[in-house]
Amino acid sequence: MTSATHRTAEEIGRTARGPRPLPPLGEQRAAGDLSHVDTELSNGLRVLAVRKATVPMVEARLWIPFAGDDALHPATSEVLAETILTGTARRNRIEIDAELALIGGDIGAGVDPERLVLTGSALAEKLPTFLDVLGDVLTGATYADDEIAREKERLVERIAVSRTQPRTIAREALQKHRYGDHPATREVPRAEDVAVVTPEQVRALHQASVLPRGAVLVLVGDIDPQAVIGELEKVLGGWASDRSAVRLPPLPELTGPSVRLVPRAGAVQSQIRLSAQTVPRTDPGYAALQLANLAYGGYFSSRLVENIRENKGYTYSAHSGFEFTDGTAVVNVDADTATEATAPALLETRYELGRLGQVPPAGDELESVRQYAIGSLLTSTSSQSGLAGQVLALASTGLGLEWLNEHPARVAAVTADEVAEAALKFFAPKRFTGVVVGDAAVLERKLRSLGDVVVGEPA
């Protein structure tokens with residue numbers, strides 16, 4: 001028998017009258033109430049500096065549009081991101097690492113077809129040193145021949161491993177199916193392309209594309225936002241160009257209902273990836289759409305998870321969520337299943353899409369997703385790092401802290417009729433296209449019987 005001082009979670013959560021009700025969400029401070037500056041430096045760099053003095057640190061996020069249509073651009077971009085912090089005219093790799101370590105800081109870089117992102121943090125009192133290192137990297141990265149050669153070898157190995165992973169294969173198939181040869185589809189470069197990238201090409205790409213005009217820098221932490229702007233003008237004044245950073249060309253509009261079966265002979269699991277066009281965060285109907293998505297598959301208590309995971313056991317993980325690219329947005333549905341469960345899982349996935357429009361969330365279900373949407377947004381912005389990430393995601397599409405401040409109220413005001421309209425408009429099964437990656441010899445006949453399924457690699 002459990003002692004009174006060591007009760008189980010189940011005992012704690014229940015009383016003689018039944019389960020204890022969850023307490024309501026407490027009043028939270030909106031992100032927009034934080035002291036901040038949103039301005040543009042003389043070099044065209046947009047800066048959002050936010051004071052959030054929870055700990056004596058500062059988080060930095062630099063987002064640079066980094067599109068390109070050259071065949072080697074994906075490979076050259078990856079090499080650049082791997083080597084941009086390996087040395088400058090003033091500091092070598094070891095000196096950069098040592099100087100950042102002394103201020104409790106770090107900087108990392110990553111790239112995709114849309115943007116180059118530098119992410120870092122440091123003790124707030126050492127922010128001038130951090131910004132000096134950042135500015136040095138942006139204006140003076142040298143890309144030494146030996147550093148390029150070393151990182152290319154590592155990158156080739158990682159790409160070779162990545163391209164064997166089912167999730168990578170499914171993502172590449174989905175991108176090609178949705179967007180053909182659009183630059184946005186080139187997320188993982190070919191190893192053979194990386195192998196031929198030269199230091200001169202990396203240096204030329206930095207000169208041509210690592211540009212401040214059109215880029216966004218977010219600083220969140222124990223800082224004085226006004227004072228930081230002056231410091232940035234001094235430190236980053238030498239990072240300048242008359243040209244603007246290169247954005248992706250517009251993505252084509254998605255249309256359904258074709259789903260492509262991409263053969264992967266002998267696979268014991270299949271990857272289901274569906275996608276449909278929606279509206280971005282700037283649209284007045286986004287809040288209702290967000291709640292509809294949560295009810296469908298956006299969190300663990302959603303209809304899709306309840307159906308194909310909890311009730312039928314077709315998958316361990318099923319999820320739906322938004323993917324934002326520049327000014328556009330799509331909603332994606334993901335599930336990995338055993339081969340024998342693939343066709344039934346796709347059938348039920350489509351069924352739940354249709355049911356969402358015909359039997360939309362209301363009552364307790366709607367209130368549950370509403371509370372989740374508001375609570376998860378407030379939770380995600382409670383830390384300096386989380387707030388910096390959220391602000392960067394918004395700023396890259398032209399929004400700011402005002403959106404974070406106002407969005408909980410928008411979600412709270414959404415009506416059941418508005419959610420029903422969003423569900424009917426955006427979640428109709430015929431609007432979704434996508435891929436199923438799996439063993440075609442086993443799956444083709446069953447999937448074709450469901451309708452709107454074609455077979456073969458994307459063109």
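Which helix gives the most residues to the lining of the largest cavity? H2 does, with four residues; the views below show this helix and other parts of a predicted model.

In this predicted model, local features need pLDDT of at least 70 and side-chain atom pairs count only at pLDDT 80 or more, while totals for chains, interfaces and linings use all residues. Residues are numbered from 1 along each chain as its sequence is written, and side-chain values use heavy atoms, with hydrogens and water left out.

**View 1. The largest cavity holds about 120 Å³ of space.** A cavity is a set of points, on a 1 Å grid over the protein atoms alone, where a 1.4 Å probe fits but cannot get out. Lining residues have an atom within 4 Å of a point. Grid points are joined across faces, edges and corners, and a volume is the space filled by probe spheres set on the points. Three cavities of 30 Å³ or more are found in the whole structure. The largest cavity has 15 lining residues, and those nearest its centre are His-73, Pro-74, Asp-112, Pro-113 and Arg-186. By class, this lining has eight nonpolar, three polar and four charged residues. Ala, Val, Leu, Ile, Met, Phe, Trp, Tyr, Cys and Pro count as nonpolar, Asp, Glu, Lys and Arg as charged, and the others, Gly among them, as polar.

**View 2. The second largest pocket has a volume of about 300 Å³.** A pocket is an open set of points with protein on both sides within 12 Å along at least five of seven lines. Here 17 residues form the lining, and Arg-163, Lys-176, Arg-186, Val-188 and Arg-190 lie nearest the centre. Helices H2 (73-83) and H6 are the elements that give two or more residues to this lining. Helices (H or I, at least four residues) and strands (E, at least two) are DSSP runs, numbered from the N terminus. The lining has nine charged, six nonpolar and two polar residues.

**View 3. The largest pocket contains about 720 Å³ of space.** Of its 37 lining residues, Arg-281, Gly-321, Phe-322, Glu-323 and Phe-324 are the closest to its centre. Two or more residues come from each of helix H6 (166-179), H10, strand S11 (315-325), strand S12 (328-338), helix H13 (363-380) and helix H15 (401-413). S11 gives the most, with seven residues. The lining divides into 15 nonpolar, 14 polar and eight charged residues.

**View 4. Helix H10 (residues 286-298) packs with helix H12 (residues 342-358).** Their angle is about 145° and their axes are 10 Å apart. Axes are lines fitted to C-alpha atoms, for helices over the stretch in contact, and angles run from 0 to 180 degrees between N-to-C directions. Ala-292, Ala-295 and Tyr-296 of H10 meet Thr-349, Glu-352, Leu-353 and Leu-356 of H12, where contact means heavy atoms within 4.5 Å. By class, five of these residues are nonpolar, one is polar and one is charged.

**View 5. Two loops hold Tyr-143 and Pro-257.** The peptide bond from Gly-256 to Pro-257 is cis, with omega near 0°. Pro-257 lies between helix H9 (225-235) and strand S9 (259-263). Tyr-143 is in the loop between helix H4 (127-140) and helix H5 (145-162), and its phi is near 50°, a positive value in a residue other than glycine.

**View 6. UniProt lists "domain: Peptidase M16 N-terminal" (unreviewed entry) at residues 77-187.** UniProt positions are in the numbering used here, feature names are shortened, and annotations may be inferred rather than shown by experiment. The end C-alpha atoms of residues 77-187 lie 10 Å apart, and the span is 57% helix and 14% strand.
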